[in-house]
Amino acid sequence: MRTPMRVPRPGLPSRVTIHEVGPRDGLQNESAVVATAVKAEFVARLAEAGLTTIETTSFVPANWVPQLADAEELLRLMQRRAGVRYPVLVPNARGLRRALDLGVTDIAIFGSATETFAQRNLNRSVAESLEMFAPVVAGAREHGLDVRGYLSMCFGDPWEGPVAIDQVVRVGQRLLELGCSQLSLGDTIGVGTAGHVRALLEAFVAAGVPVDRLAVHFHDTYGQALANTLAALELGVSTVDASAGGLGGCPYAKNATGNLATEDLVWFLDGLGIETGVDLESLVRTSLWMADQLGRPSPSGVVRALSSS
C-alpha cells in the first residue's frame with residue numbers, strides 16, 4: 001500500500017500544520033557537517049513536497065553547534081518559495097541582529113523548563129534565560145517578525161527526572177507573556193506518554209492559555225510519539241513539529257534520540273482524514289536522498305516501507 005485507508009475520527013482538527021525541523025533540529029545532531037549546498041537543496045525539496053513551515057538553521061555560536069556554523073551562507077544561498085515560512089532559531093540579541101540583516105521574517109527562541117538543562121544549553125538559569133529572551137522578542141516584534149517559543153524538557157529531564165506539570169506551565173506562560181505567538185512543548189528525551197500529554201495540555205488551558213497557541217514536539221525514544229500526537233490532537237492542538245526522515249536529537253541531552261519522522265506523521269494524519277498539504281511520495285524521496293547524503297538509512301518506518309514496496 002502506498003497510502004493508508006482514510007477513516008476520519010470525530011473531534012480532531014480537520015487540518016494540521018506540520019512545523020518541519022529537519023534542517024535545523026535534525027542536522028544539528030549529525031556527527032558530520034553537511035555541505036551548505038546540500039542543506040539548501042534539502043530545504044528546497046521539503047518546500048517542493050508541500051511543507052509550508054521549514055525551520056532552516058540557527059544563529060547559535062559556531063563552537064556550540066558547528067553543524068550550523070554556515071547559517072548566514074545558507075540563508076543567502078537558499079531560494080525561497082512563495083507561501084513558505086523559513087524560521088531561524090535565535091538565542092540572543094546578537095543572533096537577532098544577524099537575522100534582521102539577512103531579512104529573516106520568523107524566529108524562534110529556545111527555553112528550558114528545568115534548571116539543569118538551562119545551564120547546560122544556555123549557560124544560564126531559567127530566570128536568567130528569560131531575561132535574555134525578553135529584549136530579543138521585543139526587538140523582533142518591533143521589526144514585525146513572528147516569534148515562536150520552544151520549551152524543552154517538558155516531560156522529563158535526564159538529570160532531574162520527572163518534571164512537575166505546574167513548573168512547565170509557569171515557564172511556558174512566561175515565554176508567551178514575553179510575546180511569543182506560539183509555544184512548542186518539547187519532549188526532549190521522549191519519555192512522555194499520552195496521559196501525561198493530556199494532563200499537561202489541560203493544565204495550560206486551565207491556566208488561560210488558548211490551545212491554538214500551543215504546539216507539540218515529540219521525540220520517539222520510547223516509540224510514543226504518535227500516541228502522544230493523538231492525545232494532543234484530541235485536545236485541539238493543530239501544529240505538530242516533525243523532522244523529515246526522523247533526523248535529529250539534541251547535542252546537549254544524550255538521551256534525546258530522533259524526532260518524530262515527518263513521513264510517519266503524514267501517514268498517521270492521512271489515515272485519520274486530516275489534511276496537511278504534504279505530498280508523502282515526494283517527502284519520502286527527499287528523505288531517501290538525504291539519507292544517501294548522510295551515508296545511513298532513515299529511521300522512519302514509513303520511509304523504509306515505501307522505499308521497499
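# Salt bridges, sheet and surface

Q: At what relative accessibility does Arg81 count as partly exposed?
A: This is a predicted model, in which local features need pLDDT of at least 70, side-chain atom pairs count only at pLDDT 80 or more, and totals for chains, interfaces and linings use all residues. Residues are numbered from 1 along each chain as its sequence is written, and side-chain values use heavy atoms, without hydrogens and water. Buried means under 20% relative accessible area, exposed over 50%, and partly exposed in between (1.4 Å probe, protein chains only). Arg81 counts as partly exposed because its relative accessibility is 41%.

Q: With which side chain does Arg81 meet in a salt bridge?
A: A salt bridge requires a side-chain nitrogen of Lys or Arg within 4 Å of a carboxyl oxygen of Asp or Glu. Arg81 meets this with an N to O distance of 3.8 Å. The partner side chain is Glu48.

Q: How many residues apart are Glu48 and Arg81?
A: Helices (DSSP H or I, at least four residues) and strands (E, at least two) are numbered as runs from the N terminus. The salt bridge between Glu48 and Arg81 links distant parts of the chain, with Glu48 in helix 2 and Arg81 in the loop between helix 3 (71-77) and strand 4 (88-89). Their separation in residues is 33.

Q: Is Glu48 buried or exposed?
A: The relative accessible area of Glu48 is 55%. With that value, Glu48 is therefore exposed.

Q: How far apart are the closest N and O atoms of Asp146 and Arg85?
A: Both residues are partly exposed, Asp146 with a relative accessible area of 23% and Arg85 with one of 38%. The closest N and O atoms of their salt bridge are separated by 3.1 Å.

Q: Which parts of the chain does the pair of Asp146 and Arg85 link?
A: The salt bridge between Asp146 and Arg85 spans 61 residues of the chain. Asp146 is in strand 6, and Arg85 is in the loop between helix 3 and strand 4.

Q: How many salt bridges does a search of the whole structure find?
A: The pair of Asp146 and Arg85 joins distant parts of the chain. Elsewhere, salt bridges with shared partners connect Arg9, Arg198, Glu202 and Glu234 into one network. The number of salt bridges in the whole structure is 17.

Q: In what order do the nine strands form an open sheet?
A: Two strands pair if DSSP finds at least two bridges between them. The pairing in this sheet is parallel, and the order is 2-1-11-10-9-6-5-4-3.

Q: In strand 6, what is the bridge partner of Gly111?
A: Strand 5 (residues 106-112) pairs with strand 6 (residues 146-152) in the parallel sense over seven bridges. Within strand 6, Gly111 has as its bridge partner Leu151.

Q: Which residue in strand 11 stands opposite Val216?
A: Strand 11 (residues 239-242) is covered on both faces, with Thr239 and Asp241 buried on one side and Val240 and Ala242 on the other. Strand 1 (residues 17-20) is in parallel pairing with strand 11 over four bridges, including that of Thr17 with Thr239. Strand 10 (residues 214-218) pairs with strand 11 in the parallel sense over two bridges. The residue opposite Val216 is Val240.

Q: What is the relative accessible area of Met153?
A: Met153 lies in the loop between strand 6 and strand 7 (156-157). Its phi is positive, near 55°, although Met153 is not a glycine. Met153 is buried, as its relative accessible area is 0%.

Q: Where is the place of Asn123?
A: Asn123 is not a glycine, yet has a positive phi of about 60°. Its relative accessibility is 61%, so Asn123 counts as exposed. Asn123 is in the loop between helix 5 (115-122) and helix 6.
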